Amino acid sequence: MTDAPAQPPRDEPPNVEPSAPPPITLPTLTGPASSSGAEIDLPKNLAILPARDAVLYPGMLMPMQASEPQWVRLLSDAVSARQPIGIALLKDVAADTNNYDNLHRIGTAANIVRLLKLPDGSLQVLLQGAARIRIAQSPSQTEPYFRADVELLPSVSTEPGDVQTEGLVKNLQSLFQRVVTLSPVLPDEMGIAAANVDDPGRLADFVAANIDLEIPQRQEVLQELDPLARAHRVSELVTRELEVLEIGSKIQSQIRESMEKTQRDFYLRQQLEAIRRELGETDEGEAALRDLREKLGRAQLPPEVKAEADRELSRLTSIPTASPEHSMVRTYLEWIADLPWTTATQDNLDLHNAKRVLDEDHFDLTRVKDRILEYLAVMKLRAEEDAERAAASAQDAPEASASPADAQPPKPVASVRGPILCLVGPPGVGKTSLGQSVARALGRKFVHMSLGGVRDEAEIRGHRRTYIGALPGRIIQALRRAGSRNPVFILDELDKVGNDWRGDPSSALLEVLDPAQNNEFRDHYLDVPFDLSNVLFIATANVMDTVPPALRDRLEVIDIPGYTEDDKLQIARRYLVPRQLAENGLRSNQVRISDGALRRIIREYTREAGVRNLEREIATVARKTARAIVMGEASSVTVNNRGIAELLGAPRFQLEVATREDEVGVATGLAFTPTGGEVLFIEARVVPGKGNLLLTGQLGEVMKESAQAALTYARARGRQLGLGGDDPLGNKDIHVHVPAGAVPKDGPSAGITMATAIISALTRRPVDHTLAMTGEITLRGRVLPIGGLKEKVLAAHRAGLRRVIAPRDNRRDLEDIPARVRSQITFTFVDHMDQVLNAALKREIQPERADVQPLRRGSRRTADGVAAAAPGAT
């Protein structure tokens, strides 16, 4: 079905008759279809285009858009064949367009002047009416679109110089000229174009095409073949349209007069207010202004801010209260008055107190706590230095009016300079709560702002006051809520800041987090400097990969790894269990959860780097025991290892390594994700084929390239591996699959794992299932270093693995791994793939040396119990 406006857009050229398109050489109908007497050649059979809300008159231009496939094909075929088309209006616009009987029999033959294909596959065309036609009762074709025989309808000619005809034309031209004058959308050129048309039929078509008519009225004009009768009918329609426009013009005049009255009332109201001031009378507006002036006076504004506030306050007194600008200026001044320009909390820089608070709130995290204490120690030394400098300046200054006895030594004020701390780690490891502990230790207010999903720069810097409903950015809003100019400000989810056409919030954060610039931070709404140098900003993120380099340069990254099982047990015992008992109305003597029960929850009901899900499971246990106590089933409950399954249901996780056995073609890898480390099981199988590599499991491009490099290495080492031949894989395909196929995976660190799985499948030698590995492989078999070793080792520890193969260059990362984990895991550091195979496969692999022959291999039994002979066995 096609869509077209009832009137052509006003930015289109006027509906005047353009030059005719080149003739089409086809079987034609010939007749004087135009009033100018020019013969029009049309094919006897035309493609018929149904129109729902458009009527095209001969000689007029009309844009249309076709989106349905059959009508797109109709127009494309017509353009290709250089054929005109027939266009007919639907009788019932709500009915199906594929019903031929729903078409009016009087339509218009039209030439396609311009055709444009849009990106969505639809077509935009410009049609020019050629002549009125009568469409046959039955179509000659219905698929893929209608075609029908057409009859050219001759236009009845009028006698030139006839007085009645001339009067009718002049009257219609005059009416249309008045319509153009009153219409806000019709240009003056339309009236000039109508004045140059003398034929009544053509003039009626031109006027009907350019005034606002109902669709049935347009079809009525099209079906009228007598030009004089058509001009009479159009004159009646134009007269009605003219009455509507005159009523609209009258309404506009009344509105204009009402506005003038409003201005007059405003002037009188201003005079009335002046009289009231002379009489000493005040109203609510005056009282509000007085209160606002007092608030600004108490705010102790800096000189530049005070000058701006005084200027806006003087403007406010001259703006009427009924004006929208009055509320905008008043809101701005209220924001200025409410901000903590000089209000600050006194810092408690006692490091022993800070250490005590951090130890009370968080278990372990020794390195993180040490770095925070170092940060606070520097703050204390700088505060003392600033206090000594201020005291020396006070002694050198002239004597003040106050007596020396009244003078008090200045209190130390902590100056926050240096890099901004950024706590990076998986969810649930305590990044935000560390910020809360720092605020509690310092005695400062705590402010939290989540940056996840922020895409608009105005959320940081605010909107300019030219916008309706403008407000300051979230930085200034948070400081207003805190009521202090030196809070601890947590910028949460820094790695999830967006970026689109509305601006780059991360670029706006550069000014906020730069100690050299944020002492004069200008919010777009306030447009005055605000000192952020005393705010202690602490950022948090899950990963740093998505943080822009310029912003990362202003941050000091502190990694917070995931917790081990022992850590989680201590955290649950010290913090989570007491908190959940209190939140669920339970006392410690009513519920006791054993260490064995907590360990089982950690192992079988949670699988995470943090403790968020662990706390949820403990909360579930607390709720169920609370119900049992309230219902009188027990007065106290002891939850042991066996009772966990009754409270939490069947275990959700199990130690996969404990349930697995050594298998051929299955290697255990380690991966790093924003939520911590994960264990991957990479499977490889050899099937008959042509040497192709098939990869499944939603692998990314980098991971696919690692698999290809691993396969190439295996091919190059075919003889040393005992595979035989120059191309041992010429008649085999390798299928590598990484389970959890719905989860996208990418990265180079699975290279040695893929190579081990492929070589195990080729040599039929099982892989040690208690061993995990990570490392990038090259075509020469070199093992390159990787990132995230700490998180990967913690994941291996959680999964019950006790051996890890890692690149030799990652030995330096061992210091980042908790000592308890290092003592329970055996590390094998390698720099070549041969060393990986010797450690991972159950039998020795021949070193890549020319003077050593490949080892002979005999038959063995595979993991599934089927006897098989290894390739190259004797």
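Modeller: First, a term: axes are lines fitted to C-alpha atoms, for helices over the stretch in contact, and angles run from 0 to 180 degrees between N-to-C directions. Helices (H or I, at least four residues) and strands (E, at least two) are DSSP runs, numbered from the N terminus. This is a predicted model, in which local features need pLDDT of at least 70 and side-chain atom pairs count only at pLDDT 80 or more, while totals for chains, interfaces and linings use all residues. Residues are numbered from 1 along each chain as its sequence is written, and side-chain values use heavy atoms, with hydrogens and water left out.

Colleague: At what angle do α23 and α26 pack?

Modeller: Helix α23 (residues 751-763) packs against helix α26 (residues 833-840) at about 60 degrees, and their axes are 10 Å apart. The two are therefore oblique to each other; angles under 35 degrees count as roughly parallel, over 145 as roughly antiparallel, 65 to 115 as roughly perpendicular and the rest as oblique.

Colleague: Which residues make that contact?

Modeller: From α23 they are I752, A755, T756 and I759, and from α26 they are M833, V836, L837 and A840, where contact means heavy atoms within 4.5 Å. By class, seven of these residues are nonpolar, one is polar and none is charged. Ala, Val, Leu, Ile, Met, Phe, Trp, Tyr, Cys and Pro count as nonpolar, Asp, Glu, Lys and Arg as charged, and the others, Gly among them, as polar.

Colleague: What about α18 and α19: at what angle do they cross?

Modeller: The axes of α18 (residues 595-604) and α19 (residues 612-630) come within 10 Å and cross at roughly 130 degrees. That makes α18 oblique to α19.

Colleague: And which residues meet there?

Modeller: L598, I601 and I602 of α18 meet L614, E617, I618 and V621 of α19. This contact has six nonpolar residues, no polar ones and one charged.

Colleague: Changing topic, is D733 buried or exposed?

Modeller: D733 counts as buried, because its relative accessibility is 18%; buried means under 20% relative accessible area, exposed over 50%, and partly exposed in between (1.4 Å probe, protein chains only). D733 is found in strand β23 (residues 732-737).

Colleague: How far is D733 from G689?

Modeller: They are 44 residues apart in sequence, yet 4.7 Å apart in space, C-alpha to C-alpha. Leaving aside neighbours within four places in sequence, the contacts of D733 include R685, P688, G689 and N692.
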